[in-house]
Each structure stands twice: as structure tokens, then as C-alpha cells.
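Student: I have a new model open and want to learn how to read its features. Can you take me through it step by step?

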Amino acid sequence: MQRTFRFLVLFTCFLGLAACSKQEIVPESKPAEVRLRSITVSQSSLVLPAGGSAELSFSVKDPAFEIPSLLVENGNGKAPAAFSLESFRRGGKEGEYVAVLKDNKVEEVYSTQVCLVVPLKNTQTGQISYVSSLFFVVRSEQQHVRVSVNTGLPVVYVDTEGGKGVYSKTEYVPASLYINGAGKYETLQPVSCSIRGRGNTTWTWPKKPYLIKLEEKASVLGMNKHKRWVLLANFMDRSLMRNLVSMKVASLTSLDWTPGCVPVEVVLNGKHQGSYLLIEQVRVDKHRVNITEMKPEDNAGDALTGGYLLELDFHYDNEFQWTDPRGHCDGMSRGIPFAVKSPDPEEITLSQKNYIKNYIAEVASTIYGENFADPENGYAKYLDVDSFVDYWIVYEVMCNHELRNPGSVFFHKDRGGKLTAGPCWDFDWGILSFYTSAGETRLVNGKAIWYERLFQDPVFAEKVKTRFYELLPQLETIPDYMDECEALLTESAKLNFKLWNPADDRSQNGGNIINGDENLTFHEAVERLKYNYKKHLQVIQAQL
């Protein structure tokens with residue numbers, strides 16, 4: 001009896017030990033919640049481009065664990081609306097994963113604190129438990145809370161990647177562009193772009209001009225679709241309208257194309273930069289300078305004759321440029337500076353370079369030759385005369401002496417066509433200012449570049465006179481247009497001149513202000529602009 005009892009006790013203890021040993025062994029099939037102990041994200045913040053996605057690396061402490069599902073939550077058990085988890089996958093090493101988060105296009109600006117969450121189901125009880133990472137921030141590429149600028153003008157918001165500053169004229173910075181149309185134009189929803197500085201003297205001033213390049217062509221403020229747009233700072237212009245008015249005057253002529261432009265406010269990385277002019281960049285395009293775009297294989301025959309976009313600019317900052325000794329340039333003994341803007345410097349061939357350089361030399365030789373006024377074999381054989389007439393009128397009416405320097409002067413030549421003047425560009429330095437020219441008493445551009453010689457032909461001189469009087473009724477409406485511009489820009493001017501002092505342009509002019517109105521009020525500057533405009537129209541009539 002005692003032996004039997006002892007056996008039963010020993011057998012029972014054996015069964016108990018066996019049961020205890022079985023509970024302590026953790027097989028591979030044990031429920032996942034026992035194995036997953038932590039999730040670690042690789043970064044504290046993630047930036048999502050508008051409508052795009054970005055990757056976030058994370059790891060688990062138990063490399064062999066296989067994540068069944070993954071959530072992104074804001075800490076209250078809710079998924080954010082602005083973005084979502086698109087997918088997740090194993091990384092390159094054991095225990096590493098990659099989550100892909102996607103912007104949902106429902107919010108333009110957001111910065112949200114979230115965490116990664118793995119839900120775990122207990123296979124025995126059916127209960128759900130959760131393992132979460134530490135919080136991290138997901139923010140939109142349009143990262144800055146938009147500054148409210150209410151001047152009646154459209155507001156251009158540019159937010160660079162990571163808030164990086166724009167300090168170079170050659171290196172682009174990735175960015176996002178959004179334009180509030182202010183109820184006057186269609187709003188441009190956030191699009192990807194890149195931005196860099198631009199300009200020569202204007203880049204040295206505190207208020208910077210910029211070039212924006214969109215990833216895809218888009219219509220901006222009612223203008224035709226394109227990738228490239230310029231933000232002119234108009235730093236030195238107390239009236240804020242010299243470029244705007246000049247483009248209006250150019251649009252009254254028969255020039256092939258005049259850049260469209262709209263006054264705007266600019267906010268860069270959340271900081272208001274002031275009043276700008278958003279304007280179409282001078283480019284070869286069916287909606288801009290509409291000439292044939294040359295290819296590297298266009299090296300012979302008619303294909304070699306165009307199209308070419310040329311710039312005359314004393315800055316000599318283009319890759320392919322040369323000077324022709326014939327023509328009148330103020331203070332320049334080296335002749336007229338020519339540069340090719342299209343074809344692009346990296347694509348233009350030697351044959352194309354030689355052709356356009358020789359063509360310009362032939363044009364200049366003819367203009368300064370004995371029979372230059374011959375209607376068949378003189379300058380009219382090479383020049384689109386009507387364009388040169390209208391181009392001169394725009395520069396003269398606006399007192400733009402840059403035609404004499406020359407600076408930012410453009411010509412173009414289409415395939416099989418003549419050399420054509422235009423488009424007009426960069427009307428801010430000395431425009432309608434008797435500080436920089438003798439426009440109060442005489443013509444400003446009578447001796448500019450080739451025009452000194454062209455005016456020696458009575459036929460050309462008569463063409464200019466006839467055309468000027470044809471345009472005069474429209475030109476006489478420009479003072480009223482200036483009044484409209486003043487009303488449009490008044491609120492913008494108040495904010496702009498709290499930020500910038502145009503008189504600082506003296507740093508580029510021997511200590512003297514350039515336009516002469518930098519120390520006036522905005523209204524006084526507009527009145528002076530109107531007076532000078534009317535006065536110079538009278539001078540032109542007396543001189544022609």
C-alpha cells in the first residue's frame with residue numbers, strides 16, 4: 001500500500017514537472033505579441049511632396065519577427081487624413097523595414113505627429129494588443145504656414161525643400177510653388193518646381209530676382225503654359241511699374257511677341273519678400289519667341305538658317321558670344337556684343353556658330369556699306385524693317401538708353417527668314433528718367449547700335465515717323481494706364497517699401513541714385529513718371 005502510494009505521488013510529480021517544462025518552452029509558432037517588443041524609426045521627421053510619397057526606415061528588436069500588418073496613427077487611435085500608409089516591406093537586413101507614406105492631396109499645409117503601430121492578435125484569447133514606435137513628425141513639402149498678404153494682388157508662395165535658402169544664380173533648389181489668384185486669376189495648386197537667382201546688377205541688391213522652373217508646363221495667372229517664369233524684383237523702381245508699363249507699350253506694336261506679366265506678392269519660405277512682377281521668360285517656344293527650335297543635326301542647307309535667338313548685352317556673361325566692330329555702343333570701343341541664347345550652349349554646333357556669326361557680319365557690312373539703302377540689296381534684304389521700327393519706338397518712348405549700351409536687347413531669326421528685332425525685356429534702369437538721359441530735350445536712341453546708320457536712310461526715317469504717328473493715339477492713353485497701375489499697386493507699395501529702400505541702388509551708381517525717384521513717395525514717383533512720359537512724347541514729335 002505504501003509502495004503504491006509512493007508510486008502515485010512520484011508519477012503525479014513527474015506529470016507536473018512535464019507540464020511545467022512544456023509551458024516554459026517557446027516554440028516558433030508562439031503568438032506574435034510575445035516576440036515583438038519594440039519598433040524604432042530611423043528619423044524624427046518626414047517630408048511628403050504634394051501628391052507624392054516618401055520612405056521611412058524602421059527596425060524591430062526581434063529580427064525573426066514577421067510583421068503581419070502596420071498602421072500609422074496620431075496617438076489617439078486615429079489615422080491622419082492628410083497622408084496614409086501606402087505600403088511597407090522588409091529592408092536589406094534582417095529586422096529592418098521600409099514604410100512608404102503618401103500625401104492624399106486633401107491638405108496643402110500640415111505638420112502632424114504620428115507613430116507606427118503593429119496590431120497583434122492573441123491566438124488563444126482573440127484579444128488585440130499594440131506595439132508602437134516613438135512619435136515622429138510628417139509634414140507637407142509646403143511646410144510653412146502661409147503668410148496672409150492682402151494687397152489685392154495674387155500671392156506667389158515658394159517653399160524650398162527643407163527651407164533651404166536661394167543663394168546662387170546657377171544652382172537650382174528644389175521647391176514647391178503655390179499661387180493664390182486673389183479672386184482675379186485661377187489659383188495654381190501646389191506644383192513641384194526648382195528656383196534659382198537671376199540677373200546681373202539686380203542680383204547684387206538685397207531684394208533678389210528669381211527664376212522658377214516647373215517640373216511640368218503649367219498656365220500661370222492666365223498666361224500660356226510653360227515651365228519657366230521670372231520674378232522681377234523691381235528693387236530700384238519706386239513706381240513699381242516701369243517694366244509693367246513698358247510691356248504694355250510694347251504690346252501696342254506689331255512686334256512678334258511681348259512677355260505677359262502680372263504684379264504679385266512673393267512669400268519665400270514663409271517670409272514676405274514684397275512686390276514683384278511675375279513675367280514670362282524670353283524663351284524659344286510656340287507661345288513665346290515662335291521660331292524653329294534647332295537640332296544638333298541642322299548643319300546644312302535651309303536647316304542651318306534658323307532659328308536663332310540672340311541677345312546683345314555688355315555684361316558678356318554668355319557661353320557663346322562675340323563682338324562685331326560696326327555699330328554705335330556708348331562707352332564701348334569693342335563693338336556690339338552678340339550672344340546666342342538659342343540653340344542652347346550645350347547643343348549648338350560649330351557650323352551653327354559660324355553661320356550666325358557670319359550672318360551678323362554680313363548684315364553689319366551691308367548696313368555700313370556704300371549701297372546700304374538699296375531696297376533690294378541693302379539692309380532691307382537682311383532686316384525685318386517693320387520690327388526694327390517698332391522696337392526703336394518702344395525704347396525711345398520709354399527713354400530706355402539700354403539700346404545704346406546695349407543690354408538685354410534681343411533679336412531673332414527664323415529658318416529662312418530675316419533678322420527680326422524683339423522681344424522687349426528688362427525696362428527698369430533709367431526708364432523715363434532724365435537723370436540717365438537727355439530725354440527732356442532730345443532723342444535718347446537716335447544713335448543706338450545700328451540705328452545711327454539706319455536713320456541716314458530717308459526711307460527708314462520716314463517709316464519711323466509714320467509708324468510713330470500711327471501709334472500715337474494709343475501711346476497717349478498710357479498715362480491713364482499708369483493711373484490704373486497706381487490704384488492696383490498702392491497697397492502693395494505700402495508693404496514693399498517697409499521692407500526695402502530703392503535708394504540703396506546708389507551702391508551701383510557711384511553713390512548716386514539711378515532713376516531719380518528713389519527718395520520720393522510712391523504717388524510722387526508715379527506722377528513724375530507720367531510727367532516724363534508726356535514730356536518725352538512731345539520731344540519725339542519735335543525731333544522726328
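Student: Is Y130 buried or exposed?

Tutor: Buried means under 20% relative accessible area, exposed over 50%, and partly exposed in between (1.4 Å probe, protein chains only). Y130 has 51% relative accessibility, so Y130 counts as exposed. Y130 sits in strand β8, residues 128–132. Helices (H or I, at least four residues) and strands (E, at least two) are DSSP runs, numbered from the N terminus.

Student: What should I know about the model itself?

Tutor: This is a predicted model: local features need pLDDT of at least 70, side-chain atom pairs count only at pLDDT 80 or more, and totals for chains, interfaces and linings use all residues. Residues are numbered from 1 along each chain as its sequence is written, and side-chain values use heavy atoms, with hydrogens and water left out.

Student: Which residue pairs with R467?

Tutor: D390 does, with the closest N and O atoms 2.8 Å apart. R467 lies in helix α8 (residues 458–475) and D390 in helix α6 (residues 385–397), so the pair ties together parts 77 residues apart in sequence. R467 and D390 are both buried.

Student: Where is the salt-bridge partner of K341?

Tutor: The partner is E311, with the closest N and O atoms 3.4 Å apart. K341 is in strand β19 and E311 in strand β17 (residues 308–312), 30 residues apart. K341 is partly exposed at 32% relative accessible area. E311 is buried at 7%.

Student: How many disulfides does a search find?

Tutor: A disulfide is a pair of cysteine sulfur atoms within 2.5 Å. The search finds zero. Take C261: the closest cysteine sulfur, in C485, is 9.1 Å away, too far for a bond. C399 is in no disulfide either; the nearest cysteine sulfur, that of C424, is 14 Å away. C399 is buried, with a relative accessible area of 0%.

Note on methods
A salt bridge is a side-chain nitrogen of Lys or Arg within 4 Å of a carboxyl oxygen of Asp or Glu.
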